[in-house]
Amino acid sequence: MPRLAALAAGAFLAASATGCGTAASVPPGPAQPALPTLPATLTAAQLATLRAAGQADASFGLNVLTSRCRQDPRANLAFSPASLASGLGMAYLGARGTTQAAMSGVLGLPAGRAALLARLRTRTALLGSLDRPGVTVSISNRIWADPSLVTDPPYLAALRAGYQARLAHLPLLTAPGQARQAINAAVAADTRGHIPALLPPGSLDHTGWLLTDALYLNAAWRNPFDPAETMPGRFTTAAGQPVTAHYLNGSGFAAARDQGWTAVALPYRGGRLAMLALLPPAGPGCPALATATLTAVSRALAAPGAPLTAVSLPKVSMAASTSMDPVLEQLGMGIAFTSSADFSGLSRQACCIGLVQHAATLAVAEKGTVASAATSVGIIAGAAPAPRSQVVFNRPYLLLVADTVTGEPLLLARVADPARG
């Protein structure tokens, strides 16, 4: 549990919406390099870096959740802050100027390149280290580009360093439908078939680059719920309507309270991951969970002697796919979606973000949690270098052979039919 105290805010939000599925027989996409490894014992600096990354992703995720909830208070919502932050983080590596500043403010990323890459490498290693007996976690980051475009080598080097992402070429501009099918197939494989169609038809129009992130999680509870104890019970929806839910029932779970919120920790096997179930104060609408409150309850849950409680938690099975563009614009990233955006660090041919599509699935049952998530960030190709001027002599024309100094005509001809002698 001390480990959970250090990583709860980041690892919980990363893991609770990551990806999963049944292996699909599809092309694997670009080869993924080996993930960096996390040392068995973390230094104070490494721990501070991970905490900063976790807090930034948690704060970003809570802001997205609050914004989306206020847009539709009655809807189920499922998404992965870790996947969304990774997809946008890959785009952020290519942002410059006011675009970089706007994205940094929303994502909570440092502007300094050295500090940024150090955080990204350590964060990627953390996600990879969560994979262990009883808990399957896999991540995949990719960049796809149209072969007619030039992607800056320093940007590709930063992607490899921070996200272990490699470049693959697809005809995004000339055959977007074909490219969409290949990308969807790769994401389906990465999420074990749970997200078979991340990109909807028509979504890649004018897209020159696409950045994708996929997360997979299949985690067994440390103490599985007894199916015999799963019972139907009443649940009042956000619309105030009573419905019947099927409740998992168990006891011996750590609980904590802060600012009217009640939190219960449900640990998975191995102790590195836990699901936090968070009950807000009673009342209508979308109460916002502050990052400080999440941090407070996470620390209290990890503290020795935390009070134990029984829990009744509904079984859920959810799937969602949505455009994140409106939410991100509302949170302050609007410039990244306009022609004023600056992604010159990616390519001088890059214009702006054209789409941010996110999908997630989540199933919570007696044995554990199975979830998947994927994010795609499309970068529109701006004004590419103009093609060389071409004049086609496809009708009668003249030929003049002349002295370039004096203009003396040595030969003059008119070609009316080049097929005749």
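# Exercises on a predicted model

At 37% relative accessibility, Lys-315 counts as partly exposed. That is a handy place to start, and please keep in mind that the model is predicted.

**Exercise 1. Find the partner of Lys-315 and describe where the two residues sit.**

Step 1. The side chain of Lys-315 meets that of Glu-366 in a salt bridge, with 3.3 Å from N to O.

Step 2. Lys-315 belongs to the loop between strand S8 (308-314) and strand S9 (316-323), while Glu-366 belongs to the loop between strand S10 (350-364) and S11. The pair links distant parts of the chain, 51 residues apart.

Step 3. Now compare each residue with the cut-offs: buried means under 20% relative accessible area, and partly exposed lies between that and 50%. Glu-366 has 13%, so Glu-366 is buried, whereas Lys-315 has 37% and is therefore partly exposed.

**Exercise 2. Work out how many salt bridges the model has, and which parts of the chain they tie together.**

Step 1. The count comes to three salt bridges. As background, side chains of opposite charge can pair when their charged atoms come close.

Step 2. One of them joins Asp-57 to Arg-123, with the closest N and O atoms 2.8 Å apart. Asp-57 lies in helix H2 (residues 44-71) and Arg-123 in helix H5 (residues 113-129), so this pair ties together parts that are 66 residues apart in sequence. Asp-57 is buried at 12% relative accessibility, and Arg-123 is buried at 8%.

Step 3. Another joins Asp-190 to Arg-142, where the closest N and O atoms are 2.9 Å apart. Because Asp-190 lies in helix H7 (residues 176-190) and Arg-142 in strand S1, the pair ties together parts that are 48 residues apart in sequence. Both Asp-190 and Arg-142 are buried.

**Exercise 3. Describe the neighbours of strand S3 and say how covered S3 is.**

Step 1. Strand S1 (residues 135-145) pairs with S3 in the antiparallel sense over eleven bridges. Ser-138 has Tyr-216 in S3 as its bridge partner.

Step 2. S3 is also joined to strand S11 (residues 368-381) by 13 bridges, and these two run antiparallel. Here Asp-213 stands opposite Thr-375 in S11.

Step 3. S3 (residues 207-220) is mostly covered, with twelve of its 14 residues buried.

**Exercise 4. Find the largest cavity and name some of the residues around it.**

Step 1. The structure holds two cavities of 30 Å³ or more, and about 70 Å³ of space lies in the largest cavity.

Step 2. Its lining includes Ala-53, Leu-107, Arg-119 and Tyr-163. H2 and H5 each supply at least two residues of the lining.

Step 3. Look back at Exercise 2: Asp-57 and Arg-123 are also among the lining residues.

Notes. Residues numbered from 1 in each chain as written. Predicted model: local features only at pLDDT ≥ 70, side-chain atom pairs only at ≥ 80, totals over all residues. Heavy atoms only, no water. Buried < 20%, exposed > 50% of the residue type's maximum accessible area, 1.4 Å probe, protein only. Helix = DSSP H or I, 4+ residues; strand = E, 2+ residues; numbered from the N terminus. Pairing = 2+ DSSP bridges. Salt bridge = Lys/Arg side-chain N within 4 Å of Asp/Glu carboxyl O. 1 Å grid on protein atoms, 1.4 Å probe; cavity = no way out; pocket = protein on both sides within 12 Å on 5 of 7 lines; lining within 4 Å. Points joined across faces, edges and corners; volume = space filled by probe spheres on them.
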